[in-house]
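Please read the following report with the sequence and the three-dimensional structure side by side.

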Amino acid sequence: MAALQAILNGLLVGGIYALIAMGMALVFGVMRLVNFAHGAFLMVGMYLAYFGYTLFKLNPYWGFGLVGAALFLLGMGVYWLLVRRVMGQSDFLQILLTEGIALCLIGGAQLLFTGDYRSISLPLADKTANLGPLNFNVAYVVSFVIALLAVTSMYLFMKYTEMGRAIRGVAQNRLVAPLMGIRVQWISGVSFAFGVACAGAAGALLLPIFYVNPTIGGPYNLKSFVIVVLGGMGSVEGAALGGLILGVTEGLTAYYWSDSYTQVVDFVLFLAVLLLRPQGLLGKKAP
Amino acid sequence: MRRWLPALVFFALLVSLPLWLKDAYLQQIVFRVVIFAVLGIAWNLVGGYAGQLSLGHVAYFGIGAYSVALFHEHFELNPWLGTVLGVVLACLAALLIGSLTFRLRGPYFALSTIAAAEILRLLALNLSFTHGAIGMIAPAFFAEPNGDTKTYYAALPLLLLAFAVATYTHRSRFGYYLRAIRENEDTAMAVGVNPAVEKLKALLLSAALVAAAGALYAGVFQFIGPDSVLTVDLSVQMALIAMLGGVATVWGPIIGAVVLTVAAEGLKAYLERAHLFFYGLLLVLVVLFLPGGLVSITKLRWFRRSAARAQAG
């Protein structure tokens, strides 16, 4: 039963991982760009949610949409000012640029907010619900449900809207897409901003159950790399599944081995997938 | 002879520095410049010449630093033996990590090097014989008085060695192989270069230099922990040093190390926590406006124009 509880805890965290990683998968799929600043944008989202709560009493469970919208605009700005200039250049420069953006965001947060750990306490976070022998922390459940709703609506958006089709078109073939009347620059910008918004919204959902400080994004950055590779680089559905898998793996590692080795297992899994199955768990062909 | 003049002047300056620079704090900055120059040069072999964006080089630095401390604490070996063992261990680690990660290309390679380095950091953080997050005390290489100055003189031959390796790589067939791999791995293979072997050679050289630098670093700062000698930030810093000065050049990483260390120290006096922001800004600016690094500044249009104006005026 305790093992079942571990799996359940892992699933609940995995929902949020799915949302984070989906943003990164979207950016990679459309732009072939690995966004090393993804975790830093998540951190920005957490700070926005934090100040939204402490200054304006905005509950993160309502405010996550606003945080996502703000991060969408930030992502747009970063795309037009910086990222756009390295599109089509070597991935060497692209990676270094996004890493530079990450350092700017983390360093900026350190300057503005110091390195202090901050957290909010929602009354919700102390409640637990029971289902038979299993315990649910209510805050985790709410975050999980919202994250899954966000993932699902993103999936439907990609599948059924004109914009979603255009995004998938660019992801499939950057050269042919403009011949079909798709504005590739514009779609790239929107996808980048969507990816950043996912990270920001996920940050807002993490805030009630976690603390925030400037370097909090690092582990999530690495985790989303792991998840995106698990799901097959660039596959949005794969990333959602990969998030859940990673969450469960972490839950089981914590239960059977030790809490401090969850990340070691993450990275071993990551290397194993990269080396043995680079197309991801769901992918059909090598990328 | 003319060709070697800049190197001669540079090393003469470094050798004489402790004689006229008595301030301990300034001496420590110079030591740091030397160590970072070694790191930049070493990273440049893999990241610059071979074009393999490694963001896990800190693994070898950490192995060097931790070897000195671990062999001292558990086997009472002196730091010199610890350094030698550290270099050997780092080469073994490079062999393992390289043979796994070099199969991957582009962003996949960069990510996998981070993963390998992070595994080491997490192990150092969680194992009991490395004392976890508390870190370890590393032995000094020389007894007081002037122990740090003596260690500085031990670091200079390392820089000279790194410089020699870089010069050799720049002109030798080996260096051209690496550049061929950077430009196009498949084409390089088609003309008879074995990318797997050449990349591994570059990584072994690089890892050995980085590990030795890590050992000396531990000897001077004498306190090491997972968050000081195994953090991803240090890997990024190595890349930044090479990028800032100029990738795939001999002098680039040296110039990068001088500029970055001096600027960061100067900035620290004004803004305590600003260094990360500063590194990030620098990285963004270099990537966007000066991808060839500072050594390429003479090729910029505004530089040429203002130089021409100065001449005309």
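## Loops, a helix pair and an interface

Gln222(B) sits in the loop between α9 (195-221) and β2 (223-224) of chain B, where helices (H or I, at least four residues) and strands (E, at least two) are DSSP runs numbered from the N terminus. This is a predicted model, in which local features need pLDDT of at least 70 and side-chain atom pairs count only at pLDDT 80 or more, while totals for chains, interfaces and linings use all residues. Residues are numbered from 1 along each chain as its sequence is written, and chains are lettered from A and ligands numbered from 1 in the order in which they are written.

Although Gln222(B) is not a glycine, its phi is positive, at about 60°. Ala248(B), which lies in the loop between α11 and α12 (252-270) of chain B, is likewise not a glycine and has a positive phi of about 55°.

| Residue | Phi |
|---|---|
| Gln222(B) | about 60° |
| Ala248(B) | about 55° |

Helix α2 of chain A (residues 38-56) has 19 residues and should span 27 Å at 1.5 Å a residue, which agrees with the 26 Å between its end C-alpha atoms; the expected span is 1.5 Å times one less than the number of residues. Of the 19 residues of α2(A), 14 are buried. The axes of α2(A) and helix α7 (residues 184-206) of chain A come within 7 Å and cross at roughly 50°. That angle makes α2(A) oblique to α7(A), since angles under 35 degrees count as roughly parallel, over 145 as roughly antiparallel, 65 to 115 as roughly perpendicular and the rest as oblique.

Between the chains, 34 residues of chain B are in contact with 34 residues of chain A, contact meaning that C-beta atoms, placed from the backbone, lie within 7 Å. On the side of chain B that touches chain A, α5(B) gives the most, with 13 residues.

Conventions:
A residue is buried if 20 or more other C-beta atoms lie within 10 Å of its own, exposed if 12 or fewer, and partly exposed in between; C-beta atoms are placed from the backbone. Two residues are in contact if their C-beta atoms, placed from the backbone, lie within 7 Å. Axes are lines fitted to C-alpha atoms, for helices over the stretch in contact, and angles run from 0 to 180 degrees between N-to-C directions.
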